[in-house]
Structures are given as structure tokens and as C-alpha cells.
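Here is a short briefing on the structure shown below. Please read it with the model open.

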Amino acid sequence: MAEEVNRVEGEGSALFCDQFENLANFRAHFEGTGPEIWQQMNGKVDAFIAAAGTGGTVAGVSSYLKSKNPKVQAYIIDPPGSSLYNYVERGCLYTPEEAEGKRLRNPFDTITEGIGINRQTKNFTQARLDGAFRGTDREAVEMAKFLMEHDGLFVGSSSAMNCVGAVKLARRLGKGHVILTILCDGGHRHLSKFHCPTYLKEQKLLPQATGLDFINGL
């Protein structure tokens, strides 16, 4: 699109930011988000976890935190249909939804938006990760309800999935650890699906949990 606009309107009329492959994305989080977190936490961070879309946030923050303290652990939480879990854990970009005979027209048949991918991006290759977790639509929806009721936070699907990951990582590491994640989207942009009772009912995803018992395994 940018190339076409520049061809018709003249060079410089449009710019393609290419947020997946442009390493300015990674640098923004390495030079901005990471230092801001480190300063606000007074360097007291044991682990960081977040989902990856472009990979810029995960890569920039994980790389910066480990540059300050190599003992800081970094993980991703991966939604249904994404290959990053298997890539981080097994070195293979694969997801069961991509298996022969099972491939969907849209492999990202998930209620979460803006996270998960089936390829490496230049930004994601900069990430320094220790492992990965899987998350489900049910967990994300229930977490959004939990955060709204217990913390007064109206979050979007990516933020909800990040918090699912934070709970899973906290349970793995045990008590006494400081776990960091990022609330990167608000619920006001997810009203037609993620926060729509009618849609959730159709998908059999209406939240029902009263605590954090909806978090499955590690």
C-alpha cells in the first residue's frame, strides 16, 4: 500500500513501518520499556512473561532485563494456533492446528487478538527466552473477568493472556518471586468479541470461575 501511494502521490507520501521486521520495534522496548521497568522495580525482578505478536516487546524487555541481571528469567505465553511455544521449547515452528488434515482456513481460530504467529520475525529473534507456556481462550476470558472483579482492570485479550502466563510462571517458580508482565491493551477495543456476552455464549466461553481455578497446569 505504501509503495502504491508513493508511486501515485510522490515519494515520502506514505511510510510502511513494518512492525514485524523493523528492529526499531525491538530497540524501542530495549531502550525504553525495559529501562522504565528496571527503574520502577528498583531492579527487583525475578522473571518476565508476555505473549508475542511482532515479538518487539518480548525481545526488547527480555534482552534488557538480562543485560542488567543474567539471572532474570524470561518466558512467553502462547495462544491457540501459534507455533512459538514449540519453537521455544523444541526448536520447531509447529502447532497441532497446522497438522495435515487439521489445518484450518485460519489457524488462529482463537478469541485472542494481536498475539501468536507461525513464523519467526526479526524482532522475535532478538528475544532471550528460558521457556514457554501455552494459554487457552477459556483461561484468557476467565482472567479478564477475574481482573475486572478483583483489581478493577478492564483489559483486552492480550493483557488477559499475559496475566494467565504470570500465574502459571508464579506457580512454577513458587512463593517469594517477583513476576513481571505487561498490560498492553484495554478492554474497550474488544467489545464485539472478547467482552461480548452473546459472542462468548455462542463460543461456549462465558466466564464461570470464581477464583483462579481456571488456570490449567503449567
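**Briefing: buried sites and helix packing**

S159 is buried, at a relative accessible area of 0%. The model is a predicted one. S159 sits in helix α6, residues 157-173.

**Overall layout**

- Seven helices and four strands make up the chain's secondary structure.
- Their order along the sequence is α-α-β-α-β-α-β-α-α-β-α.
- The chain has 218 residues, and 45% of them count as buried.
- Among contacts in the chain with a separation of 6 or more, 78% come from residues 24 or more positions apart.

- Helix α6 has 17 residues. From first C-alpha to last it reaches 24 Å, close to the 24 Å expected at 1.5 Å a residue.
- Of those 17 residues, 14 are buried, so α6 is largely enclosed by the rest of the structure.
- S159 is one of the buried sites, because its relative accessible area of 0% falls under the 20% cut-off.
- Leaving out residues up to four places away in sequence, S159 touches I182, L183, C184 and D185.
- G174 follows α6. The phi of G174 is positive, near 90 degrees.

**α5 against α6**

- Two packed helices are described by the angle between their axes and the distance between the axes.
- Helix α5 covers residues 137-151. The axes of α5 and α6 come within 8 Å and cross at roughly 90 degrees.
- α5 is therefore roughly perpendicular to α6.
- On the α5 side, the contact involves E139, A140, M143, A144 and L147. On the α6 side, it involves A160, M161, C163, V164, V167 and K168.
- By class, the contact of α5 with α6 has nine nonpolar residues, no polar ones and two charged ones.

**α2 against α3**

- Helix α2 spans residues 24-40, and helix α3 spans residues 56-68. Their axes lie 7 Å apart, at an angle of about 50 degrees.
- α2 and α3 are therefore oblique to each other.
- The crossing of α2 and α3 is right-handed.
- α2 contributes N25, F26, H29, F30, T33, G34, P35, I37 and W38 to the contact. α3 contributes G56, T57, A59, G60, V61, S63, Y64, L65, S67 and K68.
- The residues of the contact of α2 with α3 divide into nine nonpolar, nine polar and one charged.

**How α3 is covered**

- α3 has 13 residues and reaches 18 Å from its first C-alpha to its last. That is close to the 18 Å expected at 1.5 Å a residue.
- Which residues of α3 are buried? They are G56, V58, A59, G60, V61, S62, S63, Y64, L65 and K66.
- With 10 of its 13 residues buried, α3 is mostly covered.
- What do the buried residues of α3 pack against? Their partners are α2, β1 (47-50), β2 (73-78) and β4 (179-180).

**I76 in strand β2**

- I76 belongs to strand β2.
- I76 counts as buried, because its relative accessibility is 0%.
- I76 and F48 are 28 residues apart in sequence. In space they are 8.4 Å apart, C-alpha to C-alpha.
- Not counting residues up to four places away in sequence, I76 touches I49, A50, V58, L84, Y85, V88, F124, L129, G131, A132 and F133.
- V58, a contact of I76, is also among the buried residues of α3.

- D18 is not a glycine, yet its phi is positive, at about 50 degrees.
- D18 lies in the loop between α1 (2-9) and α2.
- D18 is partly exposed, with 26% relative accessible area.
- K204 is not a glycine either, and its phi is positive at about 60 degrees.
- K204 is found in the segment after α7 (197-202).
- Is K204 buried or exposed? K204 counts as exposed, because its relative accessibility is 68%.

Note on methods:
Residues numbered from 1 in each chain as written. Predicted model: local features only at pLDDT ≥ 70, side-chain atom pairs only at ≥ 80, totals over all residues. Heavy atoms only, no water. Axes fitted to C-alpha atoms, helices over the stretch in contact; angles between N-to-C directions. Helix = DSSP H or I, 4+ residues; strand = E, 2+ residues; numbered from the N terminus. Parallel < 35°, antiparallel > 145°, perpendicular 65-115°, else oblique. Left-handed = near helix turned anticlockwise from the far one by under 90°. Contact = heavy atoms within 4.5 Å. Nonpolar A, V, L, I, M, F, W, Y, C, P; charged D, E, K, R; others polar. Buried < 20%, exposed > 50% of the residue type's maximum accessible area, 1.4 Å probe, protein only. Expected span 1.5 Å × (residues − 1).
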